[in-house]
Structures are given as structure tokens and as C-alpha cells.
Amino acid sequence: MIIRSQDKKKLVIFDNVKKIYAKKPYGLTRVMNSATGEFTEEFEYEVYADDIRLGVYKSEGRAIQVLDEIEKLYEYCNMMQAGNAISLRSGNTYVYQMPKD
């Protein structure tokens with residue numbers, strides 16, 4: 001299984017990855033309300049495979065949904081390989097494209 005980053009610039013071979021996780025970055029995103037001119041600070045959640053950033057999401061919940069999707073595809077790949085089935089995408093390799101937020 002291959003995971004393609006949100007920006008489509010990175011490919012990660014799942015079998016070589018030790019961990020995939022979501023984390024809150026150290027910095028804050030400052031957002032200005034155009035009506036009031038006030039700033040609010042927001043965190044975005046990043047999804048990583050080892051030290052490779054795969055995508056950025058506006059909430060922890062969305063980042064976890066993406067991790068759930070990766071998990072389900074991984075389980076499906078294992079099931080198909082056990083049954084000697086052939087993938088419908090990319091020959092015998094499944095590709096998970098990290099979704100936009």
C-alpha cells in the first residue's frame with residue numbers, strides 16, 4: 001500500500017512506516033474576523049508517517065477520520081492479499097490519496 005501526501009509531492013510505502021499519527025503543531029494559526037477585526041488563534045492537526053507530513057486538517061476529529069480511512073484500506077489490502085485478489089487500482093498496489101480538509 002502506498003500513501004500519497006495531500007500536496008501530492010510525497011509517496012510513502014506503508015510497509016516501511018513505523019507509525020502514522022496525528023498531532024497538533026507547535027505554532028498557532030491566527031485568523032482575523034473581517035467583521036470585527038479581532039484575531040482568534042486556531043490549531044491545525046497534522047498527519048505524519050514517521051517524520052513525513054502527509055496532510056493538515058482543521059480539527060482533531062477530521063485527522064482521526066483520515067487515520068481511520070487509512071486503517072480500513074490497510075485491513076482491506078491484507079484481506080485481498082490473503083485471498084490472492086488483484087487490486088482495482090495501480091496493478092497490485094493500493095494507493096491512498098490523503099484528502100483535502
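**Ground rules**

I am working with a predicted model, where local features need pLDDT of at least 70, side-chain atom pairs count only at pLDDT 80 or more, and totals for chains, interfaces and linings use all residues. Residues are numbered from 1 along each chain as its sequence is written, and side-chain values use heavy atoms, with hydrogens and water left out.

**Entry 1: the core**

I began with the largest nonpolar core, which has 20 residues. The term stands for a set of buried Ala, Val, Leu, Ile, Met, Phe, Trp, Tyr and Cys residues joined through side-chain atoms within 4.5 Å. Buried means under 20% relative accessible area, exposed over 50%, and partly exposed in between (1.4 Å probe, protein chains only). Which members touch the most other members? I found Met1, Ile3, Ile70, Tyr96 and Met98. Strand 6, strand 7 and helix 1 (60-82) are the elements that give two or more residues to this core. Helix 1 gives the most, with seven residues. I take helices (H or I, at least four residues) and strands (E, at least two) as DSSP runs, numbered from the N terminus.

I then looked up methionine 98 by itself. Leaving out residues up to four places away in sequence, methionine 98 touches Ile3, Arg4, Ser5, Gln6, Val47, Leu54, Gly55, Tyr57, Val66 and Ile70. A contact here is heavy atoms within 4.5 Å.

**Entry 2: glutamate 46**

Is glutamate 46 buried or exposed? This residue of strand 6 counts as buried, at 9% relative accessibility. Its side chain makes a polar contact with the side chain of tyrosine 48 (2.9 Å), and another with the side chain of arginine 53 (2.9 Å). For a polar contact I need a pair of N or O atoms within 3.5 Å; within protein, one must be able to donate a hydrogen and the other to accept it, and residues adjacent in sequence count only if both atoms are side-chain atoms. Beyond four places in sequence, glutamate 46 touches Tyr21, Ala22, Lys23, Pro25, Arg53, Gly55 and Val56.

**Entry 3: salt bridges**

How many salt bridges does the structure hold? I noted three, each being a side-chain nitrogen of Lys or Arg within 4 Å of a carboxyl oxygen of Asp or Glu.

- Arginine 53 pairs with glutamate 46, with the closest N and O atoms 2.9 Å apart. Arginine 53 is partly exposed at 39%.
- Aspartate 7 pairs with lysine 10, with the closest N and O atoms 3.6 Å apart. Aspartate 7 is partly exposed at 37%, and lysine 10 is partly exposed at 28%.
- Arginine 62 pairs with glutamate 69, with the closest N and O atoms 3.7 Å apart. Arginine 62 is buried at 18%, whereas glutamate 69 is partly exposed at 33%.

**Entry 4: rings**

I found three aromatic pairs. Rings of Phe, Tyr and Trp (its six-membered ring) pair if their centres lie within 6.5 Å; planes under 30 degrees apart count as stacked, over 60 as edge-to-face and the rest as tilted.

One of them is phenylalanine 14 with tyrosine 74, a tilted pair at 4.5 Å centre to centre and 40 degrees between the planes. Phenylalanine 14 lies in the loop between strand 2 and strand 3 (20-23) and tyrosine 74 in helix 1, so this pair ties together parts that are 60 residues apart in sequence. Phenylalanine 14 is buried at 17%, while tyrosine 74 is partly exposed at 31%.

Another is tyrosine 21 with tyrosine 48; the pair is stacked because the centres are 5.6 Å apart and the planes are at 10 degrees. Tyrosine 21 belongs to strand 3 and tyrosine 48 to strand 6, so parts 27 residues apart in sequence are tied together.

I also checked for charges over these rings. Lysine 19 has its charged end over the ring of tyrosine 21, 5.0 Å from the centre. Lysine 23 lies over the face of tyrosine 48, at 5.2 Å from the ring centre. The rule is NZ of Lys or CZ of Arg within 6 Å of the ring centre and within 35 degrees of the ring normal.

**Entry 5: positive phi**

Most residues other than glycine have a negative phi. Lysine 8 has a positive phi near 65 degrees, and sits in the loop between strand 1 (2-4) and strand 2 (11-13). Aspartate 50 has a positive phi of about 55 degrees, in the loop between strand 6 (45-49) and strand 7 (52-57).
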